[in-house]
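Subject: Handing over the two-chain model

Hi,

Here is the structure I promised to pass on to you. Have a look at it first, and then read on for what turned up in it.

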Amino acid sequence: MDPENLRYTQEHEWLLVEGAIGTVGITHHAQEELGDIVYVDLPRAGTQLTQANPLGSVESVKAVSEIYAPVSGEVLEINAALADAPQKLNEDPYGAGWLVKLKLTEPAQADSLMSAAEYQAYVGAEK
Amino acid sequence: MTSASSLRTTPLHSVHRALGARMVDFGGWDMPVQYSGIVDEHRTVRSAVGVFDVSHMGEIEIRGPEAGKLADFVTTNHAQKLKIGQAHYSGLLYQHGGFVDDILVHKVADDRYFLCVNAANQEKDFEHIRAHNRFQAEVEFSSPRYAQIAIQGPFARATLQKLTPVDLAAIRYYWFTDGAVAGTPARIAHTGYTGEDGFEIYVPPDEAVRLWNEVLRAGAEFGAKPCGLGARNTLRLEAKMALYGHEIDASISPLEADLAWIVKLDKGEFVGRDALVKQKERGVTRKLVGFEMCARGIGRDGYEVHLDSAPAGWVTSGSPSPTLHKNIGLCYLPASRAHAGQPIQIIVRNQPVDAVTVETPFYKRAK
């Protein structure tokens, strides 16, 4: 269920690396844990993010949850459609529910993240 | 995090797991927070029928010739005024007027009262009642003898009626009767914690799984779904029903919590009465009031509330309202300002967000 071509964090974010560009989202497991998502707070384009520091937050009916940057980088673009349609995070976390695109400043950081198989084992052990 | 093995479970635990429910630690109990989703379950209760496992709730029975006297001595409402087969909402208080718990009192017979109490408070409640028992009455901790299933929504009666020979239309709101449900002896109460019409049935634990399945099967034609504690919370908040640990606790009195209607000061002596009489004379300094967010943001439990740019109170419960499509909540404010129409600010993650106090309940079902 978690795409093979992505890298994953222990905080349940995913990262897609395409050259020097990284796309970030939250995992299927994360959206399931959160439940009905009502607000998404994202940084402005141009913001410098540092790996493992807060990137923004996602708020569901039951709770608020911080999102952390899987890697360091500069925000190039945010998914503006989420402002009016936050439910996309529940419906399509690996597609239409993406959060931000980053220009990677330290691309090697991606290697430290989990593979899909490692992430599935991690989620399985957490349960 | 508490390991799952140390959490208490209800007789329906395996059913929740099999249904794929998301489970949470609720006051030491491993309980389903949601199945299909909080909003979906919430709407199911408002428009069809939802089925909840509330077996974690505790039961305490008071029996004996002076059962009514003890019930009245430890609760705020007038227990002995209940008719046989009638129930009411009430408070168990400490001497200083704060809540031990909020409870439902059912009068089964002149010498028998049946209390439904909060899961996390049940042992504390039992000890509290026993400690004040200076009457010819016995207090029994009865929780192990009961599982409880709540059937809530406009089609709750039609659902349950398929399973019982008892004429449910004859049971008035906040009345109850003992009868068979799918062939099993049950206490059938016309009560609930959702603001919707519905019933709560108290059944033997070893029959709980079968009855749960029977109820869902009976309700299938009306769109019945299993519902978790997440929807139970948003439903009770819309109906402005208190949740222990949020609107009320040991530091809060019923007069502050806008629950003066469950306090009968003229019924005679009871634990906490003197403190309430004094508080009433002096006037309460803080009071519970409802609010709606005016700007983007949700005022959640524990968030600070500002009046005139200064801290003045706190949020006790807050959530998006699936019925009203607004972000609603309850908060404590200085009593002089705790009326509808008061502009306030709620500090949401260090940012003040505009809100306004409103009349409650937020939702009232059409009768």
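A quick word on terms before the counts: helices here are DSSP runs of H or I with at least four residues, strands are runs of E with at least two, and both are numbered from the N terminus. Please also keep in mind that this is a predicted model.

On confidence, the predictor assigns the complex a pTM of 0.94 and an ipTM of 0.85. For chain B the mean pLDDT is 97, and 99% of its residues reach at least 70.

Let me start with chain A. By the DSSP runs, chain A holds 9 strands and 3 helices. Read from the N terminus, their order is β-β-β-α-β-β-β-β-β-α-β-α. Chain A is as compact as a globular protein of its length, because its radius of gyration of 13 Å is close to the 14 Å that the globule rule gives for 127 residues. The C-alpha trace of chain A extends over about 35 × 35 × 20 Å along its principal axes. As for burial, 36% of the 127 residues in chain A count as buried. If you look at contacts in chain A between residues at least 6 apart in sequence, 63% of them link residues at least 24 apart.

Now to chain B, which comes in three parts: domain 1 (4-55 + 146-238), domain 2 (58-126) and domain 3 (285-358). Taken over C-alpha atoms, the centres of domain 1 and domain 3 of chain B are 31 Å apart. Domain 1 of chain B puts 7 residues into the contact between these two, and domain 3 of chain B puts in 6. Which elements give two or more residues to the domain 1 side of that contact? They are α2 (38-47) and α7 (229-238) of chain B. Of the elements on this side, α2(B) gives the most, with 4 residues. Sorted by class, the domain 1 side that touches domain 3 of chain B has 3 charged, 2 polar and 2 nonpolar residues.

That leaves the place where the two chains meet. How many residues of each chain are in contact there? Chain A brings 7 residues and chain B brings 10. On the chain A side that touches chain B, 3 residues are nonpolar, 3 are charged and 1 is polar. I have described this interface by its contacts; the size of an interface is often given as the accessible area lost when the parts come together.

Best wishes

Key. Residues are numbered from 1 along each chain as its sequence is written. Chains are lettered from A and ligands numbered from 1 in the order in which they are written. This is a predicted model: local features need pLDDT of at least 70, side-chain atom pairs count only at pLDDT 80 or more; totals for chains, interfaces and linings use all residues. Domain bounds come from an automatic or database domain assignment. Ala, Val, Leu, Ile, Met, Phe, Trp, Tyr, Cys and Pro count as nonpolar, Asp, Glu, Lys and Arg as charged, and the others, Gly among them, as polar. pLDDT is the predictor's confidence in each residue, from 0 to 100. The radius of gyration is taken over C-alpha atoms; the globule rule is 2.2 Å times the number of residues to the power 0.38. A residue is buried if 20 or more other C-beta atoms lie within 10 Å of its own, exposed if 12 or fewer, and partly exposed in between; C-beta atoms are placed from the backbone.
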